[in-house]
Amino acid sequence: MNRIKEVLEEKGIKQVWLAEKLGKSYNMVNAYVQNRQQPRLEILMSIAEILDIDVKELIISNKETK
């Protein structure tokens with residue numbers, strides 16, 4: 001699972017803009033945002049760079065915090 005949708009909303013950024021910056025189609029970015037498809041690590045890192053955040057902020061951990 002990823003947090004791309006939440007980060008885009010927090011920053012007020014549209015999926016269309018992110019798709020253009022990534023060089024991906026809107027449909028592909030929308031699939032990432034809706035968690036229908038998970039981006040490859042290289043894409044996730046590019047998204048983090050474009051959004052000026054740490055890549056860890058885009059990932060939901062599968063480990064429970066203690």
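The structure is a predicted model, in which local features need pLDDT of at least 70 and side-chain atom pairs count only at pLDDT 80 or more, while totals for chains, interfaces and linings use all residues. Residues are numbered from 1 along each chain as its sequence is written, and side-chain values use heavy atoms, with hydrogens and water left out.

The chain has 4 helices and 0 strands; helices (H or I, at least four residues) and strands (E, at least two) are DSSP runs, numbered from the N terminus. From that end on, the order of elements is α-α-α-α. The C-alpha trace spans about 40 × 20 × 20 Å along its principal axes. For 66 residues, a compact globule would have a radius of gyration near 11 Å, and the chain agrees because its own value is 11 Å. This radius is taken over C-alpha atoms, and the globule rule is 2.2 Å times the number of residues to the power 0.38.

Of the 66 residues, 32% count as buried, where buried means under 20% relative accessible area, exposed over 50%, and partly exposed in between (1.4 Å probe, protein chains only). Among contacts (heavy atoms within 4.5 Å) with a separation of 6 or more, 55% come from residues 24 or more positions apart.

What lies inside? The largest nonpolar core has 16 residues, and those with the most contacts inside it are Ile-4, Leu-18, Ile-47, Leu-51 and Leu-58. Such a core is a set of buried Ala, Val, Leu, Ile, Met, Phe, Trp, Tyr and Cys residues joined through side-chain atoms within 4.5 Å. Two or more residues each are given to this core by α1 (4–11), α2 (15–22), α3 (26–33) and α4 (41–51), with the largest share, 5 residues, coming from α4. Leaving aside residues up to four places away in sequence, Leu-18 touches Ile-4, Leu-8, Val-29, Ile-47 and Ile-50.

Helix α3 deserves a look of its own. Its buried residues are Val-29, Asn-30, Ala-31, Tyr-32 and Val-33, and the buried residues of α3 pack against α1, α2 and α4. Asn-30 sits in this helix and counts as buried because its relative accessibility is 14%. Beyond residues up to four places away in sequence, Asn-30 touches Gln-15 and Arg-36. Just after α3, Asn-35 takes a positive phi of about 60°.
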